[in-house]
Amino acid sequence: MSNSITVSFNDEPPGSIDPVRVENFISEVLKDLNLKNWDISLLFCDDDFIQNLNKQYRNIDSPTDVLSFEQGDEYFDEAGETRFMAGDIVISIDSLKFNAEEFNVEINEELKRLIVHGILHLNGMDHSDNSPEQEMLKFQEELLMQYKNIEIYRV
């Protein structure tokens, strides 16, 4: 059994984000983290959409770059295999582009960072703030080094 990955857009997908490349990237990250039989979804949206989610679920009335909704439920599929309903990741394309400019990195790099960040949250990791000393964020950056040559965002 393998991982089940769904990539979707709450609006028309921008031509620069290739859902197949994104799915392949997520699959690679899950494999490297030894996470098997995961069901995971990724939704790309705009700042208005993610701001509504942020307000509803975190009581923060502002947009953010990435949200993770951890489900963490095991279940048996029709073949009797144990599966893990990991949860959902939501990424704002507006905030993605803003971050890339703000931190002076390529959009491709920032997109991979947000995806890895979301996966780590779904895997139970957390951080108390965004300082680089946070263990989760250090691990995230170490992991990202492995994926330098993978392109999931086309300019």
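His127 is buried in this predicted model. Its relative accessible area is 18%. The cut-off for buried is under 20%, so His127 falls on the buried side of that limit. The residue sits in the loop between α4 and α5.

What does His127 touch? Leaving aside its neighbours within four places in sequence, His127 is in contact with His117, His121, Gln134, Met136 and Leu137. Two histidines also make polar contacts with its side chain, as the table shows.

| Side chains joined | Polar contact |
|---|---|
| His127 and His117 | 3.1 Å |
| His127 and His121 | 3.3 Å |

**The largest pocket**

His127 also belongs to the lining of the largest pocket. This pocket has a volume of about 770 Å³. Its lining counts 25 residues. Nearest the centre lie Asp65, His117, His127, Asn130 and Leu137. Which helix gives the most to this lining? It is α4 (residues 107-122), with 5 residues. Helix α2, strand β3 and helix α5 (residues 135-145) each supply at least two residues as well.

**Helix α2**

Helix α2 covers residues 47-58. Its buried residues are Asp47, Ile50, Leu53 and Asn54. They span an arc of only 125° around the axis, so they share the same side of α2. On the other side, Asp48, Asn52 and Gln56 are exposed. What covers the buried side chains and their residues? The cover includes β2, β3 (residues 66-76), β4 and α3 (residues 93-102).

Asp46 caps the N-terminal end. One of its side-chain oxygens lies 3.3 Å from the backbone nitrogen of Asp48. After the helix comes Asn59, whose phi is positive, near 60°.

**Strand β2**

Strand β2 runs from residue 38 to residue 45. Is it enclosed or open? Of its 8 residues, 7 are buried, so the rest of the structure largely encloses β2.

Two pairings involve this strand. With β1 (residues 4-9), β2 pairs in the parallel sense over 6 bridges. Ser4, for instance, has Asp39 of β2 as its bridge partner. With β4 (residues 82-92), β2 is joined by 8 bridges, and these two strands also run parallel. Here Ser41 has Asp88 of β4 as its bridge partner. In a regular strand, side chains alternate between the two faces of the sheet.

Terms used:
Residues are numbered from 1 along each chain as its sequence is written. This is a predicted model: local features need pLDDT of at least 70, side-chain atom pairs count only at pLDDT 80 or more; totals for chains, interfaces and linings use all residues. Side-chain values use heavy atoms; hydrogens and water are left out. Buried means under 20% relative accessible area, exposed over 50%, partly exposed in between (1.4 Å probe, protein chains only). Helices (H or I, at least four residues) and strands (E, at least two) are DSSP runs, numbered from the N terminus. Two strands pair if DSSP finds at least two bridges between them. The arc is that of the directions from the helix axis to the C-beta atoms. Contact means heavy atoms within 4.5 Å. A polar contact is a pair of N or O atoms within 3.5 Å; within protein, one must be able to donate a hydrogen and the other to accept it, and residues adjacent in sequence count only if both atoms are side-chain atoms. On a 1 Å grid over the protein atoms alone, a cavity is a set of points where a 1.4 Å probe fits but cannot get out, and a pocket is an open set with protein on both sides within 12 Å along at least five of seven lines; lining residues have an atom within 4 Å of a point. Grid points are joined across faces, edges and corners, and a volume is the space filled by probe spheres set on the points.
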